[in-house]
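Here's a quick briefing to read alongside the model. Have a look at the fold first, then work through the points below.

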Amino acid sequence: MTPSPAEAPADLVITGCTVLLHDDQERIGFAENAAIVVHGGVVEAVTTAAAVRDRPAVERLDAAGQVALPGLVNCHTHAPMVALRGVAEDLPTEEWFNDVVWPVESNLTEKDVELGARLACAEMIRGGVTCFADHYFSMDAVAGVVEECGIRAHLGEAYFSSQGPQGREKSLEFALRQRGAAGGRITTTLAPHAPYTVDDADLAATAELAAEHGLPVHLHASENRDQAETSLARHGVTPIDVLQRTGILDVDVLIAHGTGILDRDLPVLRNASGRTAVATAPRGYLKFAWPTTTPVRALHDIGIPVGLATDGAASNNSLDVWESMALTALLQKSTTGDPRWLTARQALHHATLQSARAIGLGDTLGTLAPGRRADIILVDLTGPHTQPVHDLAATLVHSARSSDVRTTIVDGRILMRDRELLTIDVPAVVRELGERLPALLDRGHGGRIQEYDT
């Protein structure tokens, strides 16, 4: 006799936690003394601890004193660039690219990318990131790391027009080859670098390929105000106008940064026929002393989801989405002059459901509900820096740290338990990467992979 679902052993039951939930209006709420039942890599139920007391399970986790959240999504990063953390400090954008980062990246090997990605995945898993959107080179190596370590990823092979047609073709071949890999944990995208490094013809061809193959596009655009103003002065159009005229806004697109989005761009984005989203990575904007940040409120008002991101660690120095969440909330209060915007609950919405939507996975990730993928993190709020708790949302956004994440779960598989990484040997990665750094960091050749001139 086949047992009923209620009697069948669950793969995992988490009990005793407080669970972050979204209601039917997408408002954030919390259920105390709750339980999460996981079966087949998805959430089967979110219920009370009492209801699952006798439920058989392959594994049970007692999460008393902890908060269960949907796993965080890092909506735009360059994971392998952790190898360049701290290499290019206190520089304006043009010097950062031309004098350090792009000369160093001309030395990159596939092994460097693999080791950097492995270290980055360890950092993200420890910080409660269960999915990341990456846009870099040698991405088959990154896909291999994702397969091995158990995290989820949205990956694109970046290209410049200076590479000729081969760059665009390689990006397409990667996207088609790796789409659905790692048991479905890998989704893929086309990845032109930016309108200032990819010409209109290549952008138009990319839009056509995206429509033909059902692929989204992930690129940098209007990263800062200088780019927008330079584009207007030289060409009479903004970078967002370029995306519109080349057809990029007719397909699903994730725009990285967007701190240079102007008021005149908002109707263009609002009228885009594809799904359009923006990823914000505020720490890097502060480090580069950019005068503006992503206009989250204006984008909200026209229905554009904004996901949280870190960018690469060469500019941001960390892959800490918790910090991005807090900085986004604080910067929005400052730039709008309104302390009521962005609230802690709104920030949590950006960190969870909006971030999932930004990478096109809003139907499967971003909330803990039956049928959603079981990407779950458990956050310990018993430390002195998070006590007492008067407003749980505020505690999570403004007091909790990434180091408070105790357990990270992807597709129902535990990748970190009680702060112990289970799928990556960090000391071995650090040791091997360290041996390769002298060759990677050599700038004596005097070359660079590209030139930054917006």
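Contact here means heavy atoms within 4.5 Å, while buried means under 20% relative accessible area, with a 1.4 Å probe and protein chains only. Helices (H or I, at least four residues) and strands (E, at least two) are DSSP runs, numbered from the N terminus.

This is a predicted model: local features need pLDDT of at least 70, side-chain atom pairs count only at pLDDT 80 or more, and totals for chains, interfaces and linings use all residues. Residues are numbered from 1 along each chain as its sequence is written, and side-chain values use heavy atoms, leaving out hydrogens and water.

**Helix 14 itself**
- Leu-392, Ala-393, Thr-395, Leu-396 and Val-397 are its buried residues.
- At the helix start, a side-chain oxygen of Asp-391 comes to within 3.1 Å of the backbone nitrogen of Ala-393.

- Leu-381 sits in the loop between strand 14 (376-380) and helix 14 (392-399).
- Leu-381 counts as buried because its relative accessibility is 5%.
- Setting aside residues up to four places away in sequence, Leu-381 touches Gly-65, Val-67 and Leu-396, among others.

**The nonpolar cores**
- A nonpolar core is a set of buried Ala, Val, Leu, Ile, Met, Phe, Trp, Tyr and Cys residues joined through side-chain atoms within 4.5 Å.
- In the largest one, of 130 residues, Phe-132 and Trp-322 touch the most other members.
- Helix 2 (residues 110-126) gives this core its largest share, nine residues.

Methods
Buried < 20%, exposed > 50% of the residue type's maximum accessible area, 1.4 Å probe, protein only. Polar contact = N/O pair within 3.5 Å; in protein donor to acceptor, adjacent residues only side chain to side chain.
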